[in-house]
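Work through the exercises below with the sequence and the coordinates open. Each task is followed by a stepwise solution.

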Amino acid sequence: MQSLTILNNKLGQGRVRMGVILAPYTTFKLGGPAEYYFEAETDEDIANAVKAAHELNLSLTILGGVSNVVISTDGIKGLVLRNRVVYKEIIEENEEEQLLRVSSGYSMTLLAKETGNEGLSGLEYHVGLPGTVGGAIYMNSKWYSDPRGARIAVYAGDALGEAKIVDKTGHDRIVDRDYFEFAYDHSKLQETSEILLWATFRLKKVDPELTQKRFRESLEYRHETQPMGIPSSGCFFRNVDGQSVGKIIDEAGLKGYKIGGASVSEIHANFIVNDGTATAEDVQKLLDHIKTVVREKRGIELKEEVVMI
Ligand SMILES: Cc1cc2nc3c(=O)[nH]c(=O)nc-3n(C[C@H](O)[C@H](O)[C@H](O)COP(=O)(O)OP(=O)(O)OC[C@H]3O[C@@H](n4cnc5c(N)ncnc54)[C@H](O)[C@@H]3O)c2cc1C
């Protein structure tokens with residue numbers, strides 16, 4: 001209780017609440033309460049929350065669009081920060097390109113759409129990606145420039161220029177793209193637990209017809225191949241040596257396999273969907289089952305892409 005008083009003194013009276021159920025904020029529609037819950041509206045809010053959690057020795061969890069996590073039924077201990085920091089500004093512009101600074105809480109789909117509509121190329125393939133800039137950089141989320149053909153991956157980190165990050169103790173600094181060591185499903189933030197405050201993206205000026213065509217094609221393909229509008233957390237497992245895990249799980253005969261309220265999607269076998277009654281325990285049991293079957297049938301060890309909290 002004393003921590004709640006101190007948190008409210010530091011972050012604003014009434015802005016920190018205890019026991020807020022997180023399920024409604026997640027795309028998977030499951031998960032228990034946050035011990036302490038705070039919505040950040042500015043970069044300063046985030047920095048203050050990091051410092052407060054450090055001083056009180058509380059663990060800090062930052063959530064963006066909550067589209068790539070499974071939150072346990074017991075919820076999350078410590079301070080849970082939901083990132084609602086939304087701004088963007090042009091930093092530099094010439095005839096060929098625009099450098100844009102964007103807050104980490106900005107919706108990735110909105111950003112892709114807004115920039116693509118203006119004929120700014122670099123993010124247009126990410127239209128339809130749920131979640132925020134912060135989550136997309138943390139995960140180095142990806143899509144394909146030619147989903148029906150060569151399936152060349154385009155990553156959220158590809159167009160990044162520099163970024164401001166803050167460490168667990170509250171110290172912030174500006175780092176360049178190399179710092180992130182971007183790779184498939186990987187960025188340095190996964191090792192350091194640093195938080196992204198903003199990022200700049202260097203976007204090329206092209207004919208808006210081109211960017212709009214690209215995001216129409218991306219969306220069309222998403223609608224055909226992903227269970228849209230059904231609670232899920234996206235792809236659960238990382239691809240294995242370039243092989244599609246969806247195909248591996250499908251070939252193992254697991255499409256539609258159900259435990260409790262969680263099942264392997266009939267549309268995309270790397271998606272687990274929630275019929276509205278699933279618990280994190282159902283999901284964990286289903287993940288264990290998929291891993292066991294794939295190991296036995298194919299000798300392949302699957303690794304989670306989704307973050308289990
Ligand atoms: C229907 C559907 C489709 C999807 N399609 C794709 C796809 O095409 N490609 C793909 O790669 N993924 C896809 N995903 C997964 C997910 O949407 C992406 O990984 C997304 O970028 C996660 O962003 P988020 O803001 O929701 O992150 P969250 O789920 O909120 O968080 C994910 C992780 O990032 C950390 N994090 C969040 N914000 C920050 C920050 N500011 N600083 C540091 N760490 C932070 C969190 O602590 C957590 O560990 C899909 C998911 C769904 C439900």
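**Exercise 1.** Into which domains is the protein divided?

*Solution.* The protein is divided into domain 1 (2-83), domain 2 (88-225) and domain 3 (232-308); these bounds come from an automatic or database domain assignment. Residues are numbered from 1 along each chain as its sequence is written. The model is predicted: local features need pLDDT of at least 70 and side-chain atom pairs count only at pLDDT 80 or more, while totals for chains, interfaces and linings use all residues.

**Exercise 2.** Describe the overall build of the protein.

*Solution.* Start with the secondary structure: the protein has 8 helices and 18 strands, taken as DSSP runs numbered from the N terminus (helices are H or I with at least four residues, strands are E with at least two). Next, the radius of gyration is 20 Å, close to the 19 Å that the globule rule gives for 309 residues, so the protein is as compact as a globular protein of that length. The radius is taken over C-alpha atoms, and the rule is 2.2 Å times the number of residues to the power 0.38. Finally, the C-alpha trace spans about 55 × 55 × 30 Å along its principal axes.

**Exercise 3.** Characterise the contact of domain 1 with domain 2.

*Solution.* Begin with the C-alpha centres of the two domains, which lie 25 Å apart. Then count contacts: 13 residues of domain 1 are in contact with 17 residues of domain 2, a contact being two C-beta atoms, placed from the backbone, within 7 Å. On the domain 1 side, helix H2 (residues 43-55) gives the largest share, 6 residues. That side has 4 nonpolar, 7 polar and 2 charged residues. Here Ala, Val, Leu, Ile, Met, Phe, Trp, Tyr, Cys and Pro count as nonpolar, Asp, Glu, Lys and Arg as charged, and the others, Gly among them, as polar.

**Exercise 4.** How are H3 and H6 oriented to each other?

*Solution.* First take the axes: those of helix H3 (residues 108-117) and helix H6 (residues 208-225) come within 8 Å and cross at roughly 150 degrees. Axes are lines fitted to C-alpha atoms, for helices over the stretch in contact, and angles run from 0 to 180 degrees between N-to-C directions. H3 and H6 are therefore roughly antiparallel, the class for angles over 145 degrees. In this contact, Ala 112, Lys 113, Gly 116 and Asn 117 of H3 meet Pro 208, Thr 211, Gln 212 and Phe 215 of H6.

**Exercise 5.** Which residues come nearest to the ligand?

*Solution.* Of the 32 residues around the ligand, Gly 64, Gly 131, Gly 134, Gly 135 and Gly 234 come nearest; a residue belongs here if its C-beta atom, placed from the backbone, lies within 6 Å. H4 supplies the largest share of the shell, 5 residues.

Technical notes
Parallel < 35°, antiparallel > 145°, perpendicular 65-115°, else oblique.
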